[in-house]
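Please take the sequence and the model shown here together. The paragraphs that follow lead from one loop to the overall fold and then to a helix pair and its surroundings.

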Amino acid sequence: MELVRYIHLNPIRSGIVRRPDRYRWSSHREYLQGNEAQGVSVNPVLEQFGKRQKEAIRRYREFTRDGLGEGHRKDLYDVIDQRFLGDEEFVEDTRERVEEPDTKPPVDIALKDIVGVVCSRFNVLPRRVRQRD
């Protein structure tokens, strides 16, 4: 929710518009209307604000308005482990809820075997495949 608010308020912080619903490229208007149009899925966010759509939209609007005075939020740019955006508590909570992917490569194929297949398929010599230019 914090990230959605931060993104929707970026045009204001940068001085492009005075109100987030005035920025042409923002999906903020879709959230204010509860509209799933134009490839924007607003329901997962709005559901965090309430069970009934009208209440959720009202609370989303208030939440966004409450963030108008915030400036740049460095904490929203801290990436942990190249996959998680948030503080350590959020990262640990997320790791507990999702299964960590297997870090082994899906297939164990030797590079020489790959080069052999490529050379055979494209009728080129192995040294040509290994060339940098």
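Asn-123 is found in the loop that runs between α6 (111-122) and α7 (126-130); helices (H or I, at least four residues) and strands (E, at least two) are DSSP runs, numbered from the N terminus. Although Asn-123 is not a glycine, its phi is positive, at about 55 degrees. With a relative accessible area of 71%, Asn-123 is exposed, since exposed means over 50% relative accessible area, buried under 20%, and partly exposed in between (1.4 Å probe, protein chains only).

This is a predicted model, in which local features need pLDDT of at least 70 and side-chain atom pairs count only at pLDDT 80 or more, while totals for chains, interfaces and linings use all residues. Residues are numbered from 1 along each chain as its sequence is written, and side-chain values use heavy atoms, with hydrogens and water left out.

The protein chain as a whole contains seven helices and two strands. Read from the N terminus on, its elements follow the order α-α-α-α-β-β-α-α-α. Of the 133 residues in the protein chain, 27% are buried. The chain exposes about 10,700 Å², and carbon and sulfur atoms supply 50% of this area; accessible areas come from the Shrake-Rupley method with a 1.4 Å probe, and for residues only the protein chains shown count as cover. Among the contacts with a separation of 6 or more, 32% are between residues 24 or more positions apart, where contact means heavy atoms within 4.5 Å.

The helices α1 and α4 pack at an angle of about 65 degrees, and their axes are 9 Å apart. Here axes are lines fitted to C-alpha atoms, for helices over the stretch in contact, and angles run from 0 to 180 degrees between N-to-C directions. The crossing of these two helices is right-handed, a term for a near helix turned clockwise from the far one by less than a right angle, left-handed being the anticlockwise case. On the α1 side, Glu-2, Val-4, Arg-5, His-8 and Leu-9 take part, and they meet Tyr-60, Phe-63, Thr-64 and Asp-66 of α4. The residues of this contact comprise four nonpolar, two polar and three charged ones. In this grouping Ala, Val, Leu, Ile, Met, Phe, Trp, Tyr, Cys and Pro count as nonpolar, Asp, Glu, Lys and Arg as charged, and the others, Gly among them, as polar.

Leu-9, a residue of helix α1, is buried, with a relative accessible area of 2%. Not counting residues up to four places away in sequence, Leu-9 touches Pro-20, Thr-64, Gly-67 and Leu-68. From Leu-9 to Arg-19, which is 10 residues away in sequence, the C-alpha separation is 8.2 Å.

Ser-26 belongs to the loop between α1 (2-13) and α2 (28-33) and is buried, its relative accessible area being 10%. Apart from residues up to four places away in sequence, Ser-26 touches His-8 and Pro-20. The side chain of Ser-26 also reaches the backbone nitrogen of His-28 at 3.0 Å. Such a polar contact is a pair of N or O atoms within 3.5 Å; within protein, one must be able to donate a hydrogen and the other to accept it, and residues adjacent in sequence count only if both atoms are side-chain atoms.

His-28 itself lies in helix α2 and, at 4% relative accessibility, counts as buried. Its contacts, leaving aside neighbours within four places in sequence, are His-8, Pro-20, Asp-21, Tyr-60 and Thr-64. Gln-33 is placed in helix α2 as well. With neighbours within four places in sequence set aside, Gln-33 is in contact with Gln-53 and Ile-57. Gln-33 and Lys-54, 21 residues apart in sequence, have C-alpha atoms 9.0 Å apart.

The last stop is Gly-71, in the loop between α4 (53-66) and β1 (79-80). At 38% relative accessibility, Gly-71 counts as partly exposed. Gly-71 touches Tyr-6 and Arg-13, residues up to four places away in sequence not being counted. Between the C-alpha atoms of Gly-71 and Ser-14, which are 57 residues apart along the chain, the separation is 9.9 Å.
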